[in-house]
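Here is a short briefing for a reader new to this structure. Keep the model in view while going through the points.

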Amino acid sequence: ICRSAARRRVASSRSRRRASAGAYGSAARRRLSRFRQSTLLAVAVTGLALMLWGADTGEGQAPADTTPAAETTFVADTPLVDTARDVSAAVGEATSTLRELGRGAYRLAPKIGIAVGLLVAVAFLTRVVRALLRRASRSWQRAQAFSALVSVVLWLLTIGAALAILAGDARALLGSVGLVGLALSWALQAPIESFTGWLLNSFRSYYRVGDRIAVGDVFGDVYSIDLLTTTVWEAGGEHKAVQGAQPTGAIITFPNSEVLRANIINYTRDFPYVWDEITVGIRNESDLQLALEVISEVAESTVGRDMAAPAATYTSLLRDARLPLEISDKPQLYISPTDAWMDVTVRYLVNARQRRKTASVLHLAIAARLAEPPYNNRIKPSYPRMEVAVPGRPFDASDVNGSVT
């Protein structure tokens, strides 16, 4: 038993020694690998620095040993002499490298000064150009677009000239700038499209601040326009909390690139009035001619007085655009039959932001007039109805007073 226990202790001690030796060996290999990587990195950085600063291979280095090989003596018993020589040579190389770095910086100082001077000059020039364009142009948005475009061109040219001065080779610089520009145009495609949309809107004036517009699913009043986005106070409509074309209180921001993709509907740019319609249902048993006269009279007294001036402006705009359209300065009535009654449509000009209010006032005025005693028995409003036929007995409308609801 004692011998077997001793053997086990010896075997365990040997295995621990092997494990510790293996761990030490692996750690040593890792340290050696890191040392090699650090050495390669240091050599690469040193070579790159020498290439950038244009250090000459024979300038500033320690003088080579010109002693013939036959006259060179090696003293095996004096290692301190060789160590001193190596240290002296390393110090000389380091000093030469630092000297060359200083000379390179001194040679680049005038170029850096010229490049900085160009950038300062173009900054001052862009301010002057922006002020002159704002004074010369009547439209603030157009002046801002012109100044932004001129500023971008001036900055690009100046930065290219400054880099060419620093690099010293304009052809290589042009190739590099072309590749960088291609990469940036691919990476910044969305901002570039939005900036292009802003420029296009500034020059063509598709919409301005204060206009009521519809762009895609966005409908509302323009609140602000910047280089990349447009902000709109939302107005109500279908599938929204507010059904009428009235402000909802929400703010919507969309990219200016929508100008290049979506249809733009402007309700107030050149003419702040739009055509609107309301429909009044009249039963077929009513006196339709009298109904038309009464509704026309009510519409004329309610909205007709405010239509004369907008109709004249609308006619002038169409005449300038060479569109031979006749614009009436009074509300127009149209009749369309349905399954059980007649729809009387009233068409009129109204301010784009007053559509719902004007429609409510007109509906109320027509309903009040039709409820007056002279008309309540001759003009009857419509409502859903159907006729019922009893099997085996012919239908008599007098039995149900003409209709069954």
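Five strands build an open sheet in the order S4-S3-S2-S1-S5, with antiparallel pairing. The model is a predicted one. A second open sheet has three strands, ordered S6-S8-S7, and is antiparallel too.

- On average, neighbouring strands here are turned by 40 degrees against each other, direction ignored.
- Strand S1 (residues 212-215) pairs with strand S2 (residues 218-225) in the antiparallel sense, over four bridges.
- Arg 212 stands opposite Asp 221 in S2.

- Eleven bridges join S6 and strand S8 (residues 341-351) in the antiparallel sense.
- Asp 276 faces Tyr 348, which lies in S8.
- Helix H7 packs on this sheet and touches S6, S7 and S8.
- The direction of H7 makes about 15 degrees with that of S8.

**Helix H7 against helix H9**

- The axes of helix H7 (residues 288-302) and helix H9 (residues 355-370) come within 10 Å of each other and cross at roughly 140 degrees.
- Because of that angle, H7 counts as oblique to H9.
- The crossing of H7 and H9 is right-handed.
- H7 makes the contact with Val 294, Ile 295, Glu 297, Val 298, Ala 299 and Thr 302.
- H9 contributes Val 361, Leu 362, Ala 365, Ile 366, Arg 369 and Leu 370.
- Sorted by class, the contact of H7 with H9 has nine nonpolar residues, one polar and two charged.

**Salt bridges**

- The structure holds eleven salt bridges.
- One of them joins Arg 261 and Glu 193, whose closest N and O atoms are 2.4 Å apart.
- This pair links distant parts of the chain, as the two residues are 68 residues apart.
- Arg 261 belongs to helix H6 (residues 258-261), and Glu 193 belongs to helix H5 (residues 189-204).

Notes
Residues numbered from 1 in each chain as written. Predicted model: local features only at pLDDT ≥ 70, side-chain atom pairs only at ≥ 80, totals over all residues. Heavy atoms only, no water. Axes fitted to C-alpha atoms, helices over the stretch in contact; angles between N-to-C directions. Parallel < 35°, antiparallel > 145°, perpendicular 65-115°, else oblique. Left-handed = near helix turned anticlockwise from the far one by under 90°. Contact = heavy atoms within 4.5 Å. Nonpolar A, V, L, I, M, F, W, Y, C, P; charged D, E, K, R; others polar. Pairing = 2+ DSSP bridges. Salt bridge = Lys/Arg side-chain N within 4 Å of Asp/Glu carboxyl O.
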